[in-house]
Amino acid sequence: MSSIRWWNMGVVVVWLSLLGLPMAGHWLSSPPPAQAENRRLAPSVSWPASLAEAKGLPAAVQAWLRDHFGFRHELLVAHNRLNHVVFGSFTSRELMAGKDGYLFLGSKGLAHHNTLRTLCGADEVPVAVIHGQLRQLLAVSRAAAPVAQLLLVPDKSRLKPEKLPQWLQDECAAFAPPVQALLAGIRQDPDMDRRVFYPFDVMRLADQARPVYHPWNLHWDHQGAMPVADWLAQTQWSLPRRVDVPLVEAVQSFDLPQFAPGLSHSHATQVPLYKDENMLVCHNSPECFPELAGEAAALFQVARFRSAWQLPPEQRRPRLVILGDSFGEAIAEPLAPYFAEVWYLSMNNLSRLSPEQRRRLRHVTVDLFQPDVLLHVYSEQSIFMGYKGYFRDITALLSP
């Protein structure tokens with residue numbers, strides 16, 4: 001009887017220890033990256049200050065527990081590695097494996113809709129609606145800067161269609177990409193014709209010398225964006241290079257861990273080597289914009305480049321503001337040598353800003369900074385998947 005009692009007590013102790021492991025793991029393990037799984041994890045829960053907040057408390061607690069229970073990130077890493085090593089697959093539905101080791105962004109956001117089918121024309125797209133939204137966006141942008149234009153970045157699947165999975169190539173063969181209809185309408189619109197760039201030929205020619213999109217990378221990097229930046233600055237804006245920034249070979253990791261924590265690949269590429277006396281550079285920090293510290297923290301992806309910081313303020317011209325998705329960050333760097341100052345502000349997290357923060361963002365960016373060029377930079381996926389509200393919100397931001 002005594003041995004049975006001790007056995008039962010041992011079982012209880014072990015059981016209670018196992019129940020307490022997740023809590024212990026939550027307090028002892030390191031927090032996951034801020035942008036883990038290509039999204040912001042649920043925020044911590046505070047005591048409700050109103051009846052409406054109290055009603056939403058159970059859902060907020062559930063979301064926080066789902067994203068932060070002990071050892072969640074470690075288990076996710078192990079799961080991703082096991083699936084990739086054993087089956088060669090990805091747990092994230094945002095990733096799609098192509099031919100010859102190529103990786104594509106197969107869906108955008110939490111809807112898990114196959115955006116590659118949309119980009120090739122297999123799914124119907126409201127081209128006229130998108131045209132109208134971009135037209136309105138450029139209309140309010142022209143009131144914010146002397147030069148207001150939009151750079152539509154060709155998707156990786158458009159540049160490398162032969163690397164798509166064969167089943168998708170077969171399915172897309174009977175359709176025309178919607179970007180063709182969109183560009184045809186823009187070319188017939190005198191208010192948009194010279195204000196929208198789709199540098200497919202520039203990127204395809206550059207890709208013959210150096211890859212614009214590396215096989216495992218979902219974005220272009222500095223090396224991939226540089227030919228387009230030079231083409232814009234020299235051919236479209238007739239700007240001379242103000243400073244020379246040398247390039248050096250470096251090994252960079254792809255953005256794969258952002259979508260699939262635990263997996264990583266790297267590649268050799270060319271990156272700029274900055275010297276403080278030539279260029280002041282700041283990335284992804286509220287310190288980049290003391291004038292907009294709270295707004296910069298909420299937007300998360302921001303960058304600032306200053307090559308004329310030693311000159312009086314009135315001589316710091318020309319100035320460039322880039323508003324866009326994550327593709328705007330890479331092209332901001334190679335454009336920086338052509339401008340006295342460059343601001344890059346991601347619009348992906350614009351919804352996190354309060355109305356007051358949006359008004360301040362516009363006031364500082366447009367009224368105080370007074371850019372000479374306002375450039376919108378959006379990937380083809382953002383153009384054709386963000387029409388339900390993405391560009392409406394940016395247009396509202398820029399409206400006086």
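Does cysteine 288 count as buried or exposed, and at what relative accessibility? At 2% relative accessibility, cysteine 288 counts as buried, where buried means under 20% relative accessible area, exposed over 50%, and partly exposed in between (1.4 Å probe, protein chains only).

The views show a predicted model, in which local features need pLDDT of at least 70, side-chain atom pairs count only at pLDDT 80 or more, and totals for chains, interfaces and linings use all residues. Residues are numbered from 1 along each chain as its sequence is written, and side-chain values use heavy atoms, with hydrogens and water left out.

**View A. Disulfides of the whole structure.** Two disulfides are found in a search of the whole structure, a disulfide being a pair of cysteine sulfur atoms within 2.5 Å. With bonded cysteines counted along the chain, the pattern is 1-2, 3-4.

**View B. The disulfide of cysteine 120 and cysteine 172.** The S to S distance in this link is 2.1 Å. The pair links distant parts of the chain, 52 residues apart: cysteine 120 lies in helix α5 (residues 115–120) and cysteine 172 in helix α8 (residues 166–172). Helices are DSSP runs (H or I, at least four residues), numbered from the N terminus. An angle of -75 degrees about the S-S bond makes the link left-handed. Both cysteine 120 and cysteine 172 are buried.

**View C. The disulfide of cysteine 282 and cysteine 288.** Here the sulfur atoms are joined at an S to S distance of 2.0 Å. The disulfide is left-handed because the torsion about its S-S bond is about -80 degrees. Cysteine 282 is partly exposed, with a relative accessible area of 21%, whereas cysteine 288 is buried.

Terms used. Helices (H or I, at least four residues) and strands (E, at least two) are DSSP runs, numbered from the N terminus.
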